[in-house]
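Subject: Structure handover

Hi,

Here is the structure I promised to pass on. Please have a look, then read my notes below.

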Amino acid sequence: MTAPKYALKPVSLSAFTLNPGLTRRSAFARGAELLTLAALGTAAVRSIRTVRAADAPSGPFGAPFGASSAKSRIGVFCFTWAGSGGEVASEMKRLNPSVTVTRIERAKPYPEEYTPTTEEAKREKAAAEFPELRPTPVSPKDFDVEVIGHPVWGGNLPRPLFTFLREHAEEFRGRRVLHYAMHGGSGLGDTDEDMRALLPGVPFRGVAFYGWGGLRDRDAVGIWMKQEGLL
Ligand SMILES: Cc1cc2nc3c(=O)[nH]c(=O)nc-3n(C[C@H](O)[C@H](O)[C@H](O)COP(=O)(O)O)c2cc1C
């Protein structure tokens with residue numbers, strides 16, 4: 001049996017200083033097919049890569065969260081640094097035009113380079129910061145179903161998600177929330193715990209998509225959406 005590429009949780013940020021030459025741009029290029037940011041504002045349309053069924057999403061699926069909500073207004077709020085989370089958001093919109101994608105962005109952008117970004121993420125996390133965000137044009141209360149898209153950083157939600165969820169906690173009350181975690185080997189990590197702490201009492205469910213160097217399995221997005229009643 002070959003060793004996994006990354007340690008399973010707990011994962012420290014230092015475990016992800018694996019490729020100091022990696023930049024956001026090269027991470028994009030590695031993903032190779034960024035339908036991504038058509039919906040998120042960056043025109044980057046490439047060919048769709050072959051999907052691997054083995055990468056189908058893992059996670060607890062019970063009754064669909066978005067049951068009978070295929071025609072509901074679905075708000076996807078997505079923070080992405082290297083683009084794979086944006087690919088998922090684009091695919092969601094392609095499959096269901098009722099999806100509105102809103103990008104969560106830190107007011108002061110993260111560096112382009114990978115290592116400085118991990119250092120900045122590590123610093124923010126140690127300081128438990130709530131970084132300022134760029135204003136978003138829509139609010140979670142504008143939608144029937146909320147979906148939060150994010151990468152896993154150091155086993156946790158990136159700090160901009162802490163700001164976003166704290167700022168909008170009231171608007172999530174009484175709703176059901178889905179989140180998808182883009183990861184490079186750790187799965188959801190501790191992001192469920194972070195969600196629970198930030199949105200106390202709000203039912204939510206998470207799914208993990210492998211996204212190191214781009215979304216690996218585009219079909220997994222549709223499978224997950226069906227399972228959650230979003231299609
Ligand atoms: C600062 C930083 C920290 C990361 N920490 C983790 C981690 O703890 N676990 C993991 O599986 N992947 C980790 N990764 C890899 C990303 O989560 C993964 O590539 C993800 O697909 C990126 O999503 P994005 O393309 O939407 O930015 C990290 C990447 C960065 C830049």
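Two points on conventions. This is a predicted model, in which local features need pLDDT of at least 70, side-chain atom pairs count only at pLDDT 80 or more, and totals for chains, interfaces and linings use all residues. Residues are numbered from 1 along each chain as its sequence is written.

**Overall**

The protein has eight helices and five strands. Helices (H or I, at least four residues) and strands (E, at least two) are DSSP runs, numbered from the N terminus. From that end, the order of elements is α-α-β-α-β-α-β-α-α-β-α-β-α. Of the 231 residues, 44% count as buried. Buried means 20 or more other C-beta atoms within 10 Å of the residue's own; exposed means 12 or fewer; partly exposed lies in between; C-beta atoms are placed from the backbone. Among contacts with a separation of 6 or more, 83% come from residues 24 or more positions apart. A contact needs C-beta atoms, placed from the backbone, within 7 Å.

Five strands form an open sheet, ordered 2-1-3-4-5, with parallel pairing. Strand 2 (99-103) and strand 5 are the edges, and each pairs on one side only. Two strands pair if DSSP finds at least two bridges between them. Neighbouring strands are turned by 20° against each other on average, direction ignored. Axes are lines fitted to C-alpha atoms, for helices over the stretch in contact; angles run from 0 to 180 degrees between N-to-C directions.

At one end, five bridges join strand 1 (residues 74-78) to strand 2, in parallel. Glycine 75 stands opposite threonine 100 in strand 2. Helix 7 packs on the sheet and touches strand 4 and strand 5; its direction makes about 150° with that of strand 5.

Valine 177 stands opposite phenylalanine 204 in strand 5. From strand 4 the chain crosses through helix 7 (residues 191-198) to strand 5, a right-handed β-α-β crossover. Right-handed means that, with the strands pointing away from the viewer, the path from the first strand over the helix to the second runs clockwise. Five of the seven residues of strand 5 (residues 204-210) are buried, so strand 5 is largely enclosed by the rest of the structure.

**Helix 5**

Seven of the nine residues of helix 5 (residues 159-167) are buried, so this helix is also largely enclosed by the rest of the structure. The buried residues are Arg159, Pro160, Leu161, Phe162, Thr163, Phe164 and Leu165. Their cover includes strand 1, helix 4, strand 3, helix 6 (169-172) and helix 7.

**The ligand**

The ligand is surrounded by 27 residues, the closest being Ala82, Ser84, Gly85, Pro151 and Gly211. The cut-off is a C-beta atom, placed from the backbone, within 6 Å. Helix 3 (84-95), helix 4 and strand 4 each give two or more residues to this shell. Helix 4 gives the most, with four. The shell holds 13 nonpolar, 14 polar and no charged residues. Ala, Val, Leu, Ile, Met, Phe, Trp, Tyr, Cys and Pro count as nonpolar, Asp, Glu, Lys and Arg as charged, and the others, Gly among them, as polar.

Most residues other than glycine have a negative phi. Alanine 128 has a positive phi of about 50°. It lies in the loop between helix 4 (114-126) and strand 3 (145-151). Alanine 128 is exposed, with 8 other C-beta atoms within 10 Å.

Best wishes

How values were computed:
Contact = placed C-beta atoms within 7 Å.
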